[in-house]
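Hi,

Here is the structure I promised to pass on. Have a look at it first, and my notes follow below.

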Amino acid sequence: MSAFNKAIFLATLLLPLFALAGPGAHGPNGEHLDAAVAPASDGLARLPDGSVNVPKLAQRRLGIRTLLAPETEAAATQLLPGRVVADPNASGRVQASIGGRIEAGPQGLPMPGQTVHQGEVLAWVRPNAEPFALAAQQSQRSELRAGRELAEQRVQRLEALAGTVPAKEIAAARIEAQSLAAREQSFAASLNAREPLRAPVSGVVARTELQAGRVVDPSEVLIEVVDPNRLLVEASTPDVSLASRIAGAELTGQPGVKLKLIGAAMALRDGVLPLSFKAQSTGAALALGQPVELVVALKQQRKGIVLPAEAVVRNPANERVVWIKISAERYQAMPVQMQALDSNRVLVTSGLSPDNRVVVQGAALIAQIR
């Protein structure tokens, strides 16, 4: 065997023992990541240096996708806690002005989630009267009935004497009889009166405390109706100048909801400033009182690398990391610092170099390889 053939034979034996780094194998500070490492296995395996060996066939089965993400500028963001509240112009509460017993309305008692229309009778409240008060009312009604009958009889007698009795006396008797009849009718109606509970606005029943036969107190909130297409999100921040620097906002985990800033309060509440946003939903479901997290985009810009949110995962130390491809079958985890841009994207501000090929799909699966 010639010397040239021996050299080729030795190179063929040594080549599989080393994993050579591919394009983009540099760290955020320019360090090389292409050191030779002997793989512990020909299959899925975590290597001694912390990198992961993923054969080509496994990459296709796991759906691993990478991206050479350039450095760019994006709006600085800030996370704010918030909750969903009702728009006072598109919601209302139903309260009873008198105490009494609940009775079902024409369509039965309303249920949460039921659509109602403004002015629709949802239930009735029948007043409760004490026995002594009821007896006094019945007695007064009897007195009015007796007075009305006597007045009608007097009118009949005077009409029979028409021509001998002045006409003005007959007219006065008729007016008195009519007055007593109207008083009796009004009093009788008040004894059997029920207060209707009507929908204050058109929308959906968000909450109801109605039960047939339940005794309620005056001013008790019994039904809450809201328009699901006109909800607000109330956030809070200790920075009183933040409202003037907001360019836009979204909800984390709710890509179908866009927020429009209405304004900031002029008084602190429990040490923080409330901010009101109008929620513009495109099919996403929101509920009153639901706690949410807002991603507020500011007017100033920051440099970084924009990646899909799923590219950032947690390592065993609970640090945020992204996986970069350093050779054909080898991946390395890189700790990063990032900020959310919206519900689908993040901006990595440190920890990556623009020439890194980042795993943007399947990063969570790579992180599970042991």
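**Strands and a cavity**

R101 stands opposite V215 in β11 (strands are DSSP runs of E, at least two residues long, numbered from the N terminus). R101 also stands opposite R126, which belongs to β8. Before going further: this is a predicted model, in which local features need pLDDT of at least 70 and side-chain atom pairs count only at pLDDT 80 or more, while totals for chains, interfaces and linings use all residues. Residues are numbered from 1 along each chain as its sequence is written, and side-chain values use heavy atoms, with hydrogens and water left out.

Strand β6 (residues 100–104) runs antiparallel to β8 (residues 121–127), with 5 bridges between them; two strands pair if DSSP finds at least two bridges between them. G100 has P127 as its bridge partner in β8. β6 is also joined to β11 (residues 215–216), again antiparallel, by 2 bridges.

Together this gives an open sheet of 4 strands in the order β9-β8-β6-β11, with antiparallel pairing. β9 (195–198) and β11 are at the edges with a single partner strand each, so one side of each has no neighbour in the sheet.

There is also 1 cavity of 30 Å³ or more (on a 1 Å grid over the protein atoms alone, a set of points where a 1.4 Å probe fits but cannot get out; lining residues have an atom within 4 Å of a point). The largest cavity holds about 40 Å³, volume being the space filled by probe spheres set on the points, which are joined across faces, edges and corners. Its lining includes G105, P106, E120 and V121.

Best wishes

Methods. On a 1 Å grid over the protein atoms alone, a cavity is a set of points where a 1.4 Å probe fits but cannot get out, and a pocket is an open set with protein on both sides within 12 Å along at least five of seven lines; lining residues have an atom within 4 Å of a point.
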